[in-house]
Structure formats: C-alpha cells, structure tokens
Amino acid sequence: MGCYECCMRCLGGVPYVSLVATLLCFSGIALFCGCGHQALTESERLIETYFTRDHQDYITLAYLIEYFQYIIYGLASFFFLYCIVLLAEGFYTTSAVRQSFGEFRSTVCGRCLSTMFIVITYVLVVVWLLVFSLSALPVYFFYNMANTCHTINILSETPSSINQLCIDARQYGLLPWNAVPGKACGMTLSNVCKTREFFLIYDLYTAAFAGAGMTVLALIHCPLHLAACQLVLKERHRREEEERRLHTLFGRVLNEHRGSLCSPYVLHAADV
C-alpha cells in the first residue's frame, strides 16, 4: 500500500462530525467558564461600588458568586475529560461502521457503552438547557440597564424626569430588600453605564451566554451522530444475521439434494 492510499485510509476513519462537535463543545465551555468567572468577579465589584454601602448587604451575593465560581471550575474539568471520551467514542463508532482497520467489528460491550454515552449526553443536554436559560438572566439585567441609560441620555435636558428612571438590584434578587440604597437612578445610573466595568461585564455575560448555547448545540450534535452510527451497526448486524441464516438454510437444502444446487454464497465446511 502506497503513502497516498495509507493516508486516505487513515483519514477515512476520522469521525469528522464528532471532531467538529468536540471542538464546538470545547469552545463553548471555554467561553462560558472563562467569561462567566470573570463576569461574576466584576459584578461583585460593581454592585459593591454603586448599589450598596454596607458590606453585610451583599455578603450573601458574595458567597453565591464564590460558590458559582467553584462550580465553574468543576464544569471545566469535567467537560474537558468528557469531550475527550466522546471524541474517542466517535473514533470507535466510525471505525466500526467503516471497518477501516481490517476485520474490526463492533462488540456487544461496545454497543452498550455507546448507548450509555448517548443517554448520559442527553441528560447533560437537559442540564445545559437549564444553564443556558439561567445565563440569560444577567444578560437581561444589563440589557435593561443599558436601555435605561440610553433613555436617560435622551432625556438629560429634563432632570426631574430622569431621576425617576432607576435600576433596582433588589428587584432582581441581587440584594436584600433592606439594602441601602439598593438602586441607581438618574445621572448616577448614567455614569455607571459609562464606566469601563459596565461594558466589560455586559460583554462577558453575553459571551458566556453564547458559550452556553454553543455547548448545548455540541451536546445535541454528539448523541445524534452516535445514535446514527448505532443504527447503521444494528442494520449491518441484522443483515449479517439474515445472510448467515440463509447460508445455513441453503447448506441444509444442498445436503438434502446431494449437491445438485449451486449456492450464491461461499460455503464453509462447518455449515454442510
């Protein structure tokens, strides 16, 4: 076998669908974990500076942010390993389907493992749909904040009107109801929106939201590919069983008629 044929044979065994899904999952997890971690840190500083004066008012939020950051560390580690396992499973199923390596075949244990990965991945899809929905909440908060600031800039010539335009962090559950002041109004809110921290946090939460969406797409993509490979393997196994049954049946008929029939199959000595 020449170099070109060997390369084509190796490339034929690459699971391109699983490879794309794995890269998409890696990118989504990196965006969500990296941007989400930094956005939580910057959000704590922003709320501490502009929405409250007492440290006790946001101590609960600070603990929640710390817990979420630890969860992000765990998610990053888990999905790094899980994506590698899914890619390896993609190589396994693709090789089994295309029979790229000699007499390689899918075993019962291999099919059980593939089914287990499909079920686990679908459970993770449901979990990440929830994460995707929750990651939209801070984007919604900062979107409303940016729109309110835009309205304040338009009505800046009438100070009595803009003082009634506020963003109350207590309404979003970020601070307790007894927090003082708990909200930013008028030109104070407009000045908050002009800070570098505001634009940075807004962009980070948007990127984390996009990363969660990319992860959902990748997790949906992987089990669909694995399920399709499972169907192909199941159909091939059914055809082989049918062919073996017909082969055995023809061997019996041939034995009864003392070799007067001609078989379209290769007859083995054990079947006669």
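## Disulfides

Cysteine 149 and cysteine 193 are joined by a disulfide, with the sulfur atoms 1.7 Å apart; a disulfide here is a pair of cysteine sulfur atoms within 2.5 Å. Cysteine 149 belongs to helix H5 and cysteine 193 to helix H7 (residues 186-193), so this pair ties together parts that are 44 residues apart in sequence. Helices (H or I, at least four residues) and strands (E, at least two) are DSSP runs, numbered from the N terminus. The link of cysteine 149 and cysteine 193 is right-handed, with 55° about the S-S bond. Cysteine 149 and cysteine 193 are both buried, where buried means under 20% relative accessible area, exposed over 50%, and partly exposed in between (1.4 Å probe, protein chains only).

Cysteine 166 and cysteine 185 form another disulfide, with an S to S distance of 1.9 Å. Their link is right-handed, with 110° about the S-S bond. This pair links distant parts of the chain: cysteine 166 lies in strand S1 (residues 166-168) and cysteine 185 in strand S2 (residues 183-185), 19 residues apart. Cysteine 166 counts as partly exposed because its relative accessibility is 28%. The count comes to two disulfides, and with the bonded cysteines numbered in sequence order the pairing is 1-4, 2-3.

## Basis of the model

This is a predicted model, in which local features need pLDDT of at least 70 and side-chain atom pairs count only at pLDDT 80 or more, while totals for chains, interfaces and linings use all residues. Residues are numbered from 1 along each chain as its sequence is written, and side-chain values use heavy atoms, with hydrogens and water left out.

Cysteine 33 counts as buried because its relative accessibility is 7%. Cysteine 35 counts as buried because its relative accessibility is 15%.

## Overall fold

The chain has eight helices and two strands. Along the sequence they follow the pattern α-α-α-α-α-α-β-β-α-α. Of the 272 residues in the chain, 38% are buried.

Among contacts in the chain with a separation of 6 or more, 74% are between residues 24 or more positions apart; contact means heavy atoms within 4.5 Å.

## Annotated spans

The unreviewed UniProt entry carries the annotation "transmembrane region" for residues 16-40, 70-92, 113-137 and 204-229. UniProt positions are given in the numbering used here, feature names are shortened, and annotations may be inferred rather than shown by experiment.

In the model, residues 16-40 are 100% helix and 0% strand, and the end C-alpha atoms of this span lie 35 Å apart. Residues 113-137 are 96% helix and 0% strand, with the end C-alpha atoms 37 Å apart.

## Largest pocket

The largest pocket holds about 890 Å³ of space. On a 1 Å grid over the protein atoms alone, a pocket is an open set of points where a 1.4 Å probe fits, with protein on both sides within 12 Å along at least five of seven lines; lining residues have an atom within 4 Å of a point. Grid points are joined across faces, edges and corners, and the volume is the space filled by probe spheres set on the points. The pocket is lined by 29 residues, of which Leu40, Phe68, Leu134, Pro138 and Tyr205 are the closest to its centre.

Helices H2 (16-50), H3 (59-98), H4 (108-134), H5 (136-154) and H8 (196-256) each supply at least two residues of this lining. H3 gives the most, with eight residues. By class, the lining has 23 nonpolar, five polar and one charged residues. Ala, Val, Leu, Ile, Met, Phe, Trp, Tyr, Cys and Pro count as nonpolar, Asp, Glu, Lys and Arg as charged, and the others, Gly among them, as polar.

Threonine 41 is in helix H2. Threonine 41 is buried, with a relative accessible area of 19%.

Tyrosine 122 is in helix H4. Tyrosine 122 counts as partly exposed, at 38% relative accessibility. Tyrosine 122 and leucine 219 are 97 residues apart in sequence, with 7.5 Å between their C-alpha atoms.
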